[in-house]
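Welcome! Please take a first look at the sequence and the 3D structure, and then read on for a short tour.

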Amino acid sequence: MPDSGLKGTVSALWHSESVQAIESGVPLVGIFGGTFDPIHNGHLRVAEEIAETIGLRELRFVPAGIPRLRHAPAASLQHRAAIVGLAIRGNSRFVLDEREVRRHGVSYSVESLRELRREMGECVILCFIIGADAFMKLADWHSWRELFGLCHFIIVARPGYALASNRYALPQELEDECAQRWASSADSLKYTPSGLVFIAPTTLLDISATSIRAHIAAGKSVRYLMPDAAIDYIAANHLYSGGG
Ligand SMILES: Nc1ncnc2c1ncn2[C@@H]1O[C@H](COP(=O)(O)OP(=O)(O)OP(=O)(O)O)[C@@H](O)[C@H]1O
Ligand SMILES: O=C(O)c1ccc[n+]([C@@H]2O[C@H](COP(=O)([O-])O)[C@@H](O)[C@H]2O)c1
């Protein structure tokens with residue numbers, strides 16, 4: 001059952017249709033949005049661990065076409081998506097979702113989540129995976145409060161970001177919004193289709209796309225930081241070798 005502190009939130013979010021569906025085994029679907037410039041083993045390992053811990057039926061990797069609140073990516077959206085496709089190949093739960101690559105204009109997560117809700121229905125449990133660094137800036141996202149009506153947030157720690165040990169380091173309005181949403185177990189997520197925030201215990205891997213781009217630009221190996229197929233694609237297409 002959900003934690004006692006969550007009962008108010010959960011009962012407010014519950015409606016009889018979802019209760020019935022959840023009792024009969026509604027699937028949990030993970031969404032991992034990212035610039036993925038490029039995807040690396042930090043993303044992949046976290047995705048694998050969360051899929052296992054939460055019991056995801058599938059995990060959709062959604063490369064951002066034109067990401068917000070950051071500099072322009074070094075590689076084109078087609079290349080970034082192709083690398084994600086190669087990196088997840090062979091994992092039966094992992095899926096490449098190219099909706100933000102196909103969409104024109106800036107990538108808003110709220111649009112992707114609205115679309116996924118329409119496609120999958122009100123009862124499916126959507127879990128948006130997000131690093132602690134990105135979650136700290138959630139209040140700057142487009143229509144950010146609406147996101148809690150569309151998905152749960154699964155936060156993963158990153159070296160250097162204190163959120164996992166101190167959730168109260170959040171900006172005030174985000175802390176206030178999350179106050180009644182914290183879930184202390186992965187099990188809680190199964191009782192409502194959206195609206196909770198869970199800090200997932202995952203292996204801390206100090207890998208970033210920035211460091212991978214820097215390694216490649218310096219002519220250094222990135223072996224074991226990302227899958228070989230992704231490394232081969234980057235080399236064949238001369239990506240990141242000019243720096244960035
Ligand atoms: N090593 C990691 N461990 C856990 N989460 C990560 C890791 N790297 C990235 N993430 C998370 O994955 C999502 C997508 O990250 P992104 O594609 O921007 O990678 P990045 O390594 O942070 O890139 P960059 O260095 O270019 O900023 C974000 O929510 C980010 O916080
Ligand atoms: O919707 C927004 O306004 C928004 C603002 C910033 C980031 N995001 C999403 O957050 C995810 C991680 O972004 P990033 O920049 O850390 O790679 C990715 O799916 C982005 O599209 C979304």
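The report below goes through the sheet, the helices and the ligand surroundings in turn.

## Before you start

This is a predicted model, in which local features need pLDDT of at least 70 and side-chain atom pairs count only at pLDDT 80 or more, while totals for chains, interfaces and linings use all residues. Residues are numbered from 1 along each chain as its sequence is written, and chains are lettered from A and ligands numbered from 1 in the order in which they are written.

## The sheet

Seven strands form an open sheet with parallel pairing, in the order 3-2-1-4-5-7-6. Strands here are DSSP runs of E with at least two residues, helices are runs of H or I with at least four, and both are numbered from the N terminus. Two strands pair if DSSP finds at least two bridges between them. Strand 3 (94–96) and strand 6 (182–183) stand at the edges with a single partner strand each, so one side of each has no neighbour in the sheet.

Strand 4 pairs with strand 5 (residues 152–156) in the parallel sense over five bridges. Gly-131 has Val-156 in strand 5 as its bridge partner.

Helix 4 (residues 77–88) and helix 11 (residues 228–236) have axes that come within 7 Å and cross at roughly 150°. Axes are lines fitted to C-alpha atoms, for helices over the stretch in contact, and angles run from 0 to 180 degrees between N-to-C directions. The crossing angle makes helix 4 roughly antiparallel to helix 11 (angles over 145 degrees count as roughly antiparallel).

Which residues meet there? Ala-82, Ile-83, Leu-86 and Ala-87 in helix 4 meet Ala-229, Ala-230, Tyr-233 and Ile-234 in helix 11; residues are in contact if their C-beta atoms, placed from the backbone, lie within 7 Å. The contact has eight nonpolar, no polar and no charged residues. Ala, Val, Leu, Ile, Met, Phe, Trp, Tyr, Cys and Pro count as nonpolar, Asp, Glu, Lys and Arg as charged, and the others, Gly among them, as polar.

## Around the ligands

Of the 18 residues around ligand 1, Gly-34, Gly-42, Gly-131, Ala-209 and Thr-210 come nearest; a residue is near a molecule if its C-beta atom, placed from the backbone, lies within 6 Å of it. Helix 3 gives the largest share of this shell, three residues.

Ligand 2 has 16 residues around it, with Gly-33, Thr-35, Ala-64, Trp-141 and His-142 nearest. Strand 1 (28–34) and helix 6 (109–120) each supply at least two residues of that shell.

Note on methods: Angles under 35 degrees count as roughly parallel, over 145 as roughly antiparallel, 65 to 115 as roughly perpendicular and the rest as oblique. Two residues are in contact if their C-beta atoms, placed from the backbone, lie within 7 Å.
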